[in-house]
Amino acid sequence: MNRLGGSVVSTESAGEYSSAAKGETLEDTIRTVEGYTDCIVLRHFQEGAAKRAAAVASVPIINAGDGPGQHPTQALLDMYTIQREVGKLDGVRIGMVGDLANGRTVRSLTYLLSQYKDIKIFFVAPSVVRMKDDIKEFLTSKGVAWEEATDLREVAAEVDVLYQTRIQKERFTNPEEYGQARGKYIVDAALMQVLPQHAVVMHPLPRVDEITVEVDTDPRAAYFRQAKNGLYIRMAILKLALVGESA
């Protein structure tokens, strides 16, 4: 927003420090905050929060992530990154790795990928965080090819994009399940040896240990370029929300 010449009214950690901590509903918060703003960028811990906010708002609501639900702006920047890095969207083969049950980024990305032709998606995840059935059923209904796999090396050898994600410790209520999931699938120098030369590694960030730092210098490590793309994509989204396509 600052680069577009605007300003930001921040309510970071609003659940702890705003009227929400006193019991104010999300709907009332939105009705109040919209009086001070031209649009609202909302990140919320509850799935479906952005939809609730949009139902009562008179200004645009941009979903910046709603719990384990969706993260549409991340999906848009991911698609932009794939186009720039791989040179195509139709015919892409992508491996999604890590916490697929709780990862909102992979959920939104699968929805966007389903709009393109000849897509193949490999889901590689520990059993406790496998991709949820609603996404798999959606892909099947759209005729999108998908496959669940356990051998990351085999998948890495076949894809254009390896999309790694963090095992989200904060989503686990059972420490034993977190222990089962953490560290199972790691992208390291050895794995990069089987990744095709034209392929790239992406990650929505932050990472913990699921991509080793030795991979950072490989030209196929696209995750920091991916993060930078997010600046421009989100600037474009704000412009569209505020002034439309004609300006």
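In this predicted model, strand β3 (residues 93-97), helix α5 (residues 104-113) and strand β4 (residues 120-124) form a β-α-β unit, and the hand of this unit is right. The two strands of the unit, β3 and β4, are also paired with each other: five bridges connect them, in the parallel sense. Within this pairing, the residue of β4 that stands opposite G95 is F122.

Strand β3 has a further partner in strand β6 (residues 161-164). These two strands run parallel and are joined by four bridges. Here G95 stands opposite L162 of β6. Of the five residues of β3, four are buried, so the strand is largely enclosed by the rest of the structure.

Apart from neighbours within four places in sequence, I94 is in contact with I82, L109, L113, K120, I121, F122, V159, V161 and Y163. I94 is also listed among the residues of the largest nonpolar core that touch the most other members, together with I82, M96, L113, I121, F123 and V161. This core has 24 residues. At least two of its residues come from each of α4 (72-86), β3, α5, β4, α6 (133-141), β6 and β7 (200-202). A separate core of 20 residues lies apart from the largest one and includes V159, L162, L195 and I211.

Aromatic rings were examined next. A pair of aromatic rings is described by the distance of the centres and the angle of the planes. Four aromatic pairs are present in the structure. One of them is formed by Y111 and F138, with 4.6 Å between the ring centres and 65° between the planes, an edge-to-face arrangement. Because Y111 belongs to helix α5 and F138 to helix α6, this pair ties together parts that are 27 residues apart in sequence. Y111 has a relative accessibility of 29% and therefore counts as partly exposed, the range for that class lying between the 20% limit for buried and the 50% limit for exposed residues.

The rings of F172 and Y178 make another pair. Their centres are 5.5 Å apart and their planes stand at 70°, so this pair is edge-to-face as well.

How values were computed:
Residues numbered from 1 in each chain as written. Predicted model: local features only at pLDDT ≥ 70, side-chain atom pairs only at ≥ 80, totals over all residues. Heavy atoms only, no water. Buried < 20%, exposed > 50% of the residue type's maximum accessible area, 1.4 Å probe, protein only. Pairing = 2+ DSSP bridges. Right-handed = clockwise from strand over helix to strand, strands pointing away. Core = buried A, V, L, I, M, F, W, Y, C linked by side-chain atoms within 4.5 Å. Contact = heavy atoms within 4.5 Å. Phe/Tyr/Trp six-rings, centres within 6.5 Å; stacked < 30°, edge-to-face > 60°.
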